[in-house]
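Colleague: Before I use this model in my own calculations, I would like to go through how its parts are arranged. Could we take it point by point?

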Amino acid sequence: MSIQENNLKSGSNLEKILKSGQFAFTGELGPPRGTDVKEVIEKAQFLKDNVDSVNITDNQTAVVRMASWAASLLLVREGLEPNYQMVCRDRNRLAMQADILGAYALGIRNMLCLSGDHCQFGDHPDAKGVFDIDSMQLIAMVKQMRDDAKFLGGADIHHPPKIFIGAASNPFADPFEWRVQRLAKKIEAGVDFIQTQCIYNMEKFRKFIHIANEEGLTEKVYILAGVTPFKSIGMAKYMKSKVPGMDVPDEIIKRLQGVEKGKVAQEGINFACEQIEEFKTMKGVHGVHLMAIEWEHKVPEIAAQAKVLPRPKPE
Amino acid sequence: MIVAKRKPFEEIKEMLKGYKKVLNVGCGTCVSVCLAGGEKEVAILNAELDMARRLEDDPIEIHGQTIERQCDREYLAELDDMIKKENFDALLSMACGVGIQFLAERFPEIPTFPGVDTTGLAVNQAVGWYEERCRSCSQCVLGITGGICPITMCAKGLLNGPCGGTNKGSCEISADQPCAWFKIHERLSAQGRLDSIRKINLARGWKDQIPRNLIQPGYKKPEKVS
């Protein structure tokens, strides 16, 4: 069935699942620091049929990797649906629009619009950060390209890219009271779905979703709760102290410390699955985005334990 | 004001290698106030250069002259006679990038070198401490951002912050760098003006991508400049 008949914006698998009211489950894959296609395909096999769409990160943490669109296309070739991440740090509005056209032409249907980590974090700390437009403006630009068939500069686009537009939201960054407002701005800009920052502080997240529900925002946008299982106590401590905008309560670290060595990773997965269980019934949450960072091979196991399999197969 | 930092001594020495008679021109305005390129700094640098070149058995005759402003023709003209008479084989300027270029333009036949790195438009937070506040972007948004510039103070120059990297009031790049958007929110909230950032700041055309010319209303470019 065509996009129009179904009143779909992009016709992507992710859009169809969300629109049908089913609980979405998305994954993530970091492109390689080289040209090895095999590495991408091997990681992809763990995600295939276990998630609805796979985020392909874009030079994450400002470290150079294979282009996000290229790795996305490798997934398309393998029969997976990518969620093409694009950051504002590395390209100006011309390059962005050109990449969006090319990505769509070759089969990419979902995009995640992000500001991008500052270059200072990465392997080229003195690189010039572009930030010609910001993530809010990127959302609005993709929407304009899709719905108005116009480039940001105003010229017509022949065969506009029908992209399902995603963005991030961090419910834990300060000031807390502004987080829902910023979400509202992203909705106004035209976002279709949100993937949140990794959630560990459930109490705070419940509060965030509660306010978003009260303001009617969760009826205007699909929200996928971000989940990253802890592999180790070291990782939890690192996320707590070193990753900006991350909120890791001490109880979780204590919980991991409470199990015998060798069982910490399983405990991390248990916690993640308990979270997923709660998200399934949480009003205003429409799915989970599982970021198993460099742990793709664990996704089948986590998906099974979280009882999100088999994944729906929309037409 | 415009602030600058003196270039590393080795870099200056290397630029002046081979030149025997040099005039170091200080600037009496911004770089003087920010302790980088005024009369005092000219004298210090000249003493250092003189000593270093002597030690290398390659003496340099280095003169110093500080004028009121190197970005103004009227003051640069004060150097005309001296430069004509003395036959300097190089000029060193301790003005900001604007002054250095204007000096080089006035004496195009003499190689002119920078003695400082210009670092921005800054406020004087305390003696010797200057904080950048403006990128002279040509389209001021301070009216909607509570008087705090996101172009300058946000490490990503975001117009719709704060991003997810804001970290307990600090920027993701450093705990010492306040998050501009956190501050903007704080100030507007206290003023009861949060509405001013609820609207999306749309993508803007950057006005600083070509050399800018400013002609104030009522004025025009003269046909010939002196």
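Colleague: At what angle do helix H8 and helix H9 of chain A pack, and how far apart are their axes?

Modeller: Please keep in mind that this is a predicted model. Helix H8 of chain A covers residues 233-242 and helix H9 of chain A covers residues 250-257. Their axes lie 10 Å apart, and the helices pack at an angle of about 170°.

Colleague: Is H8(A) roughly parallel or roughly antiparallel to H9(A), and which hand does the crossing have?

Modeller: The crossing of H8(A) and H9(A) is left-handed. As for direction, angles over 145 degrees count as roughly antiparallel, and the angle here is about 170°. H8(A) is therefore roughly antiparallel to H9(A).

Colleague: Which residues meet in that pair, and how do the residues of the contact divide by class?

Modeller: From H8(A) come A:Ile233, A:Ala236, A:Lys237 and A:Lys240, which meet A:Ile252, A:Ile253, A:Leu256 and A:Gln257 in H9(A). Sorted by class, the contact of H8(A) with H9(A) has 5 nonpolar, 1 polar and 2 charged residues.

Colleague: What makes up the contact of H2(A) with H3(A), by class?

Modeller: H2(A) contributes A:Val37, A:Val40, A:Ile41 and A:Ala44, while H3(A) contributes A:Ala71, A:Leu74 and A:Leu75. By class, this contact has no polar and no charged residues, and the number of nonpolar residues is 7.

Colleague: How does the radius of gyration of chain A stand against the globule rule?

Modeller: Chain A has 11 helices and 8 strands. For its 315 residues the globule rule gives 20 Å, and the value for chain A is close to that, so chain A is as compact as a globular protein of that length. Its C-alpha trace spans about 60 × 45 × 40 Å along the principal axes, and its radius of gyration is 19 Å.

Colleague: How many residues does chain B bring to the contact with chain A, and of which classes are they?

Modeller: The contact takes 27 residues from chain A and 22 residues from chain B. On the side of chain B, these are 10 nonpolar, 8 polar and 4 charged residues.

Colleague: What distance separates the centres of the two domains of chain B?

Modeller: Chain B is divided into domain 1, with residues 2-120, and domain 2, with residues 137-198. Taken over C-alpha atoms, the centres of these domains are separated by 38 Å.

Notes
Residues numbered from 1 in each chain as written. Chains lettered and ligands numbered in written order. Predicted model: local features only at pLDDT ≥ 70, side-chain atom pairs only at ≥ 80, totals over all residues. Domains from an automatic or database assignment. Contact = placed C-beta atoms within 7 Å. Helix = DSSP H or I, 4+ residues; strand = E, 2+ residues; numbered from the N terminus. Nonpolar A, V, L, I, M, F, W, Y, C, P; charged D, E, K, R; others polar. Rg over C-alpha atoms; globule rule 2.2 N^0.38 Å. Axes fitted to C-alpha atoms, helices over the stretch in contact; angles between N-to-C directions. Parallel < 35°, antiparallel > 145°, perpendicular 65-115°, else oblique. Left-handed = near helix turned anticlockwise from the far one by under 90°.
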